[in-house]
Amino acid sequence: MSAFRTIDELEVALQAADYLPDRGLSTALFLSLALEKPLLLEGEAGVGKTEAAKSLAVATGSRLIRLQCYEGLDVAHAVYEWNYPRQLLHIRAAQEGTVSEDELFGPEFLIRRPLLEAIDSDEPVVLLIDEIDRADEEFEAFLLEVLSDFQITIPELGTIRARRKPAVILTSNRTRELHDALKRRALFHWIGHPSIDREIEIVKIRIPGVSERLAAEAAAFVRELRGLDLAKPPGVAETIDWTMALNALGKQEIDADVVEQTLGSVLKYREDIEAVRDETLAQLVDTARATAAR
Amino acid sequence: MADAVVRHVVTFGRVLREVGLEVGPGRVADALRGLDTVDLTRQEDVYFTLRQTLVARQDELDLFDRAFRAWFLRAPVLPPVRTTDRPAEQQKIGESLSDASSGEQDEEMGDPLELGASGHELLRDKDFAEMTPDEYRRVRRLIAAIAGSRPLRASRRRRSHPRGDRLDMRRLIRASLRTGGDPVDRPYRARKEVPRKLVVLCDVSGSMDAYARALVLFLHAAVGSGPGVEAFAFGTRLSRLTPELGTRDPEAALEKCTEAVTDWGSGTRIGASLKEFNDLYGKRALSRGAVVVIVSDGWERQDPELVGREMARLARAAYAVVWVNPLKGNPDYQPLAGGMRAALPYIDRFLTGHNLRSLEELAAVLAGIERRHAA
């Protein structure tokens with residue numbers, strides 16, 4: 001059961017972990033703890049999905065266990081694997097006939113991967129299953145099983161049950177639609193880009209000592225970029241990186257020249273960078289500065 | 001919890017189901033449990049609690065918001081925006097549909113696969129545009145059979161296989177126990193092969209009218225061949241057809257396609273449609289690693305340059321791009337249409353698609369396609 005009685009309490013703890021969630025995300029995290037249900041976070045890249053799980057771990061004093069998904073991810077890399085080289089060496093080192101199968105497939109030779117770690121942990125755990133949409137559907141089905149029973153069966157060792165249910169955060173970039181059964185099992189929250197005021201707050205909290213003006217102008221400029229038709233609109237992570245770069249250059253405000261030089265840390269595609277060159281760029285800078293001045 | 005709240009939420013669940021959201025009893029129970037833990041006087045918290053427990057997809061958020069406003073905030077509801085149909089075009093398709101479905105019974109009697117050698121051969125080379133309704137009915141099932149073949153890719157998952165390429169360590173260790181640690185027997189595992197993603201973009205504009213029906217049948221069968229197939233129709237804009245093609249009956253699918261693609265039979269904007277695809281679906285990596293088949297005559301009315309640009313984006317993400325152009329079946333054809341010329345550098349295979357034989361060729365290419373050597 002959750003250590004937080006209200007959403008406000010959780011928000012305070014998240015802020016103490018340098019994370020500024022909006023009310024929707026705090027509600028989602030709170031409900032996930034209170035109802036003991038996995039939370040599926042979707043949203044554009046860079047809106048802070050992974051960050052949310054990390055901060056939740058800090059806020060709840062839990063250990064963060066992360067499973068990064070990719071195409072072809074299988075049980076051996078997600079749950080457990082036997083340490084074959086050690087097993088072979090062990091057989092060789094022992095007297096012939098003295099090694100039993102039970103000994104060979106015992107805990108000593110087990111390599112524990114994230115899912116098993118999370119299920120078999122005595123401390124509280126936040127399990128982050130990152131980019132679940134990249135794993136293939138067979139793995140998703142397997143994961144669904146784990147998330148409904150919170151138990152894992154290893155043929156040689158038997159069934160391991162979670163003594164305490166981990167908090168589970170799944171993230172997806174929506175490269176494909178997830179299975180309905182998995183969605184039914186989880187709470188769902190869509191994270192959009194933050195409001196400009198919140199983004200300024202986030203930048204300030206992540207970059208200590210940054211000037212108010214620079215944070216505001218950078219956030220406003222990124223916001224203008226998001227309004228354009230870009231292949232990859234910048235996320236909060238890009239705003240932070242970029243402001244950090246500007247700050248490191250000793251800038252107190254933005255101008256067309258410095259934006260042009262540092263655009264590479266905001267936009268990651270050549271077409272996107274070309275699309276905002278020259279007049280467009282000067283115009284965007286003007287608009288952003290006007291917005292920030294307000 | 002107060003009965004009034006429970007009633008309210010249960011009814012709201014029903015409202016959501018009526019507007020098309022999948023809200024089962026489990027979700028409603030979650031919503032109630034969730035509301036139990038938050039401050040009911042804070043509207044924002046109630047809103048998010050209901051949204052996060054009752055909605056599972058981003059594209060349903062809009063509907064939910066509308067229903068929430070109407071139900072809890074008592075705001076006037078705007079009816080969902082419906083795209084306007086073009087009666088004249090609809091009529092045209094409607095006619096051809098009834099053509100195709102009348103006389104259904106006698107057609108079902110004879111298997112089109114047993115047309116007899118000569119009849120079959122004749123039909124195989126006949127241009128779809130020149131077929132009589134009767135001939136067209138005969139080739140329908142052949143089209144479906146052709147569309148079934150899918151390109152494969154090696155999955156990263158493995159299973160036991162006597163001629164596999166990787167040792168099955170678990171079994172090997174067990175076997176070695178009996179031989180004092182010497183791996184005498186060597187069990188192997190091999191990669192499984194799974195169908196590669198297939199994305200079909202079909203031009204249904206006026207210039208393609210004659211071929212559209214056959215190609216929609218082809219699309220329908222492709223979607224039915226298993227998971228990982230996505231179909232889109234485009235004309236002046238793009239429309240995703242996969243859901244419409246998911247039904248069993250090709251005729252019904254045709255009808256639904258007609259509804260979905262409101263610009264059926266009007267002009268073409270290939271570049272803009274490709275851009276829409278890249279923006280909306282390419283970003284979600286639908287095209288990454290996929291075999292993309294574009295069925296179009298390449299008649300871009302607006303901006304050939306845009307076609308080239310968007311083809312480049314598409315080709316970068318895709319495993320291979322196949323362009324099927326029914327006009328190419330004409331011996332005098334040269335790919336001079338502006339859009340076609342701009343697209344050519346990014347195409348791996350350029351095929352026709354004007355008759356059965358060419359569809360067979362397409363299927364063979366799809367089954368064995370290799371990635372292009374150079375971009």
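Strand 9 of chain A (residues 187-191) has five of its five residues buried, so the rest of the structure largely encloses it. Here, buried means 20 or more other C-beta atoms within 10 Å of a residue's own, with C-beta atoms placed from the backbone; strands are DSSP E runs of at least two residues and helices are H or I runs of at least four, numbered from the N terminus. This is a predicted model, with local features needing pLDDT of at least 70 and side-chain atom pairs counting only at pLDDT 80 or more, while totals for chains, interfaces and linings use all residues. Residues are numbered from 1 along each chain as its sequence is written, with chains lettered from A and ligands numbered from 1 in the order written.

Within strand 9 of chain A, A:Leu187, A:His189 and A:Ile191 point one way and A:Phe188 and A:Trp190 the other, all of them buried. Strand 9 pairs in parallel with strand 1 (residues 39-43) of chain A over five bridges, pairing being at least two DSSP bridges between strands. A:Glu42 sits opposite A:Trp190.

Zooming out, chain A has an open sheet of five strands, ordered 2-5-8-1-9 with parallel pairing. Strand 2 (63-68) and strand 9 of chain A are at the edges with a single partner strand each, so one side of each has no neighbour in the sheet. At the strand 2 end, six bridges tie strand 2 of chain A to strand 5 (residues 125-130), again parallel, and A:Gln68 faces A:Asp130.

As for the two chains, 30 residues of chain B are in contact with 33 residues of chain A, contact meaning backbone-placed C-beta atoms within 7 Å.

Technical notes: Buried ≥ 20, exposed ≤ 12 C-beta atoms within 10 Å, placed from the backbone.
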